[in-house]
Amino acid sequence: MIFDSYEAFRAANFTAKVCILGSGPAGTTIARKLGAAGIPVVVLEAGSREFSDESQDFYRGTTVGDPYFDLDITRLRFMGGSSNHWAGWCRVLDSQDFEPKAWAPDTGWPISRADIDPYLPEVHDILELPDFRPDVPISDDIRWIQLIKSPAVRFGEKFADELDASRNIAVVLNTYATELAGDGKRVTGARLWSNGQDAGAFSADYFITCTGGLENSRLLLWSNQRSNGGVVPNATALGRYWMEHPTFEGGNAILADYGEFEVDADNEAFFSPTLAAMERLQIMNFGIRLIETPYPHVKRLIADLACTAPDMAEWMSSRLSQNLRCAAQLYVAWEQAPLASNQIELSKTDVDHAGVPRIELHWKKSELERRTLLEGLRLFGTTLAQKNLGRVRIADWIGNGGDYPTNEETAGHHHMGGTRMGTDVTRSVVDANCKVHGMDNLYVGGSSVFCTSGECNPTTTITALACRLGDHLGKVIAV
Amino acid sequence: MTFFTGNFFTRKMPRRMIVQMLIALPALSLFRNQPAVVDPDEIVEVNGWILKRSDLA
Ligand SMILES: Cc1cc2nc3c(=O)[nH]c(=O)nc-3n(C[C@H](O)[C@H](O)[C@H](O)COP(=O)(O)OP(=O)(O)OC[C@H]3O[C@@H](n4cnc5c(N)ncnc54)[C@H](O)[C@@H]3O)c2cc1C
C-alpha cells in the first residue's frame with residue numbers, strides 16, 4: 001500500500017512490526033525482503049512521489065574543508081531517494097576491500113565478501129544486471145576490472161506497483177522522521193513531521209534508518225542529542241569516518257591498439273591495482289576509467305609526445321593513420337583513507353523548517369590519497385609501457401604537486417561512513433548485522449555502515465547489504 | 001717503421017716497464033669515461049610521460 005499522507009495511513013489502522021525510515025535502494029530492498037517474509041512493515045518517506053524544491057530544502061547544509069557539492073544537490077529527497085538520478089554504474093566491493101590494511105589505520109570490516117556473496121543473485125535481479133566477468137590481470141600490479149552500467153533502476157518507479165499491491169508493506173509519503181527517542185536499550189518511538197507540522201510519535205518493535213549516507217548520521221546525532229545518548233549509547237564514532245570517492249581527470253593515454261581492451265557501450269574500460277601493489281606502495285585502492293578520446297585530441301597528444309620521444313610519436317602517428325581510435329582520457333577515482341576527522345556534525349546555527357539542525361560536513365582529502373593518485377597513475381603507465389600496450393601522460397598538476405582543479409566533478413556523489421560497522425564500539429556504530437551497538441531494536445541500512453569505500457560505486461554493495469539485513473531481521477523476528 | 005721493429009718509446013723503454021704498462025691497461029680502462037650499460041626497457045618519467053628508455057632514442 002502507498003499512502004500519500006500520514007493522516008491517510010493512520011486512518012487505515014495498519015499495525016507495523018518494523019518501521020523503516022527512507023525509501024531509497026536500501027529502505028525499499030529491506031521492506032521487500034521483510035514483506036516477502038510476511039512481516040508487516042511501514043516505510044516512512046519524507047518526500048513525495050516527485051521532486052520538489054520544498055523537499056530538497058530540508059537537505060541543505062554546509063561543507064568545511066575541501067570543496068564539495070551542495071548538500072541539497074548531491075542527493076534527492078523523494079520516493080526512491082537518489083536512485084532517481086543515479087547513473088547506474090554497478091560493481092560489488094572486492095574481497096580485498098574488506099581486509100584490514102596494515103598501512104592504513106581503521107581499515108577492515110567485521111564481515112567478508114563471502115558474507116554478502118549469497119545475496120548477489122537477488123541483487124542482480126533488482127538492479128537488472130548480467131553476470132560480471134572475472135577480473136583480468138594485465139600485470140602483477142594492475143587488474144582490468146568490469147563495472148556494469150545497469151539500466152539505472154529507479155527504485156520508486158520500478159517497485160511502486162508491487163509496493164502498492166502489497167498487504168504487508170505500507171509506504172507513507174510526505175512523512176519526515178525528525179528524531180528517534182530511546183532509553184539506551186531500545187528506540188521507543190519516532191517523532192514525525194507531516195504537512196508542515198509536528199505529527200506526533202510513531203512506535204514499532206524495530207526501527208531501521210535508511211535515510212542515506214549523510215542523513216543517517218544527521219538523524220542519529222540529533223536523536224542522540226535530544227535523548228541524552230539514549231539512541232546511540234556508544235557515540236564516539238557517530239558521524240565520523242565519512243568517505244567519498246574523489247574523482248579527477250588524471251591524464252591521457254595513447255594505446256598501441258585500442259582493441260586490446262574490450263570497451264563497453266560508452267567506450268570505457270576500467271582498471272584497478274592488485275592488493276600486492278597497494279601493499280608494496282602503501283596506497284589505497286583506486287579505479288582508472290579509460291575513455292576513448294575524439295580524434296583532434298589524439299593529434300594534440302601525439303604532438304606533445306613528439307617533444308619528448310620523437311620516434312615513439314612517429315610510430316604512434318603511423319598507428320593513428322591506421323586506426324583513428326587510439327587515445328584515451330584517464331579519470332581516477334580513489335578510496336579515501338577512513339579518518340575520524342572527516343565527519344558529519346550538526347550545525348550550531350542553522351536548522352531546517354522542522355527545527356532539525358542542518359549538516360555541517362567536515363571533509364578533507366589526505367596526503368595518502370594524493371600519493372595514491374600519483375602512484376596509481378604511475379603503476380598504470382608502467383604496466384602499459386612494459387606490456388607495450390601504450391603510453392600514459394600524467395596531468396601536470398598531479399606530477400607537480402599542484403592544487404586539485406576546481407572545475408571538475410570532484411567526487412562521485414557516494415556518501416559513505418558515519419555509522420560504520422565494527423566490533424570496537426569506540427571506532428564503529430553498528431555491529432556486523434548493522435545493529436546499533438548497545439541497542440536491541442535499532443538497525444542502519446545504506447552506505448553509512450561502510451568501514452572502507454573500496455574504489456567502486458556503492459549502490460550494488462548497499463543493495464546486497466540490504467538483502468542481508470532483511471534476511472537477518474526476518475530470522476530475528478521469527479524467533 | 002713497421003709494427004715489429006718497435007717505435008720511439010719501445011726502443012727507449014726497458015722491457016720490464018712495457019710489461020708493467022700492459023698489465024695495468026685493463027685496470028686503467030675502468031677509469032675511462034665509458035657510457036653505462038642502459039636497459040632499453042627501463043621505465044622513465046619525462047615531462048609527465050611514462051616511457052621506456054628506448055622511446056627516447
Ligand atoms: C548524480 C548521482 C549519480 C550516482 N551514480 C551512481 C552510480 O552510478 N552507481 C552507484 O552505485 N551509485 C551512484 N550514486 C549513489 C546512489 O544514488 C546512492 O548510493 C543510493 O541512492 C543510496 O541509497 P540509500 O537508500 O542508502 O539512500 P538514498 O537513495 O539517499 O535514499 C534515502 C531516502 O530517505 C528519505 N529520507 C531522508 N531523510 C528522511 C527522514 N528523516 N525520514 C524519512 N525519510 C527520509 C529520502 O527522501 C530518500 O528517499 C549516484 C548518486 C548521485 C547523486
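In chain B, B:Val46 stands opposite B:Trp49, a residue of strand S2(B). That is a handy place to start looking around this model, which is predicted. The two strands here, S1(B) and S2(B), run antiparallel and are joined by four bridges. Between them sit two residues, and in this hairpin B:Asn47 takes a positive phi near 50°.

Now for the place where the chains touch. Chain A puts 18 residues into the contact, and chain B puts in 12. B:Trp49 turns up again here: together with B:Ile50 and B:Asp55, B:Trp49 supplies 47% of the area that chain B buries against chain A, more than any other three residues. Between them, chain A and chain B bury about 1,400 Å², with 58% of that on carbon and sulfur atoms.

What holds polar partners across this boundary? There are six residue pairs in polar contact between chain B and chain A, counting pairs with both residues at pLDDT 80 or more. Looking at the side of chain B that touches chain A, strand S1 (43–46) and strand S2 (49–52) of chain B each supply at least two residues. S2(B) gives the most, with four residues. By type, that side of chain B divides into seven nonpolar, two polar and three charged residues.

S2(B) also has a strand partner in the other chain. Strand S21 of chain A, residues 390–394, pairs with S2(B) in the antiparallel sense over two bridges. Within that pairing, A:Val392 stands opposite B:Ile50. Strands of a sheet pair through backbone hydrogen bonds, either parallel or antiparallel.

How many salt bridges cross the interface of chain B and chain A? The count there is two. One salt bridge links A:Arg391 with B:Asp55, and their closest N and O atoms are 2.6 Å apart. Over all chains, the count comes to 33 salt bridges.

Another salt bridge lies inside chain A, where the side chains of A:Asp66 and A:Lys364 meet at 3.5 Å, N to O. This pair links distant parts of the chain, 298 residues apart: A:Asp66 is in the loop between strand S4 (61–65) and strand S5 (89–90), while A:Lys364 is in the loop between strand S20 (357–363) and helix H11 (367–386).

Chain A also has an open sheet of six strands with parallel pairing, in the order S1-S9-S3-S2-S13-S24. Strand S1 (2–3) and strand S24 (442–444) of chain A stand at the edges with a single partner strand each, so one side of each is left without a neighbour in the sheet. Elsewhere in that order, strand S2 of chain A (residues 18–21) and strand S13 of chain A (residues 206–209) pair in the parallel sense over four bridges. There, A:Ile20 has A:Ile208 in S13(A) as its bridge partner.

Last comes the ligand. Of the 35 residues around the ligand, the ones that come nearest are A:Ala26, A:Glu45, A:Ser82, A:Trp89 and A:Thr459. Some backbone atoms of chain A also lie by oxygen atoms of the ligand, as the table sets out.

| Residue with the backbone N or O atom | Distance to an oxygen atom of the ligand |
|---|---|
| A:Phe78 | 3.0 Å |
| A:Gly88 | 3.1 Å |
| A:Pro458 | 3.4 Å |

Note on methods
Residues numbered from 1 in each chain as written. Chains lettered and ligands numbered in written order. Predicted model: local features only at pLDDT ≥ 70, side-chain atom pairs only at ≥ 80, totals over all residues. Heavy atoms only, no water. Contact = heavy atoms within 4.5 Å. Buried area = accessible area lost by both parts, 1.4 Å probe. Salt bridge = Lys/Arg side-chain N within 4 Å of Asp/Glu carboxyl O. Polar contact = N/O pair within 3.5 Å; in protein donor to acceptor, adjacent residues only side chain to side chain. Nonpolar A, V, L, I, M, F, W, Y, C, P; charged D, E, K, R; others polar. Pairing = 2+ DSSP bridges. Near = heavy atom within 4 Å.
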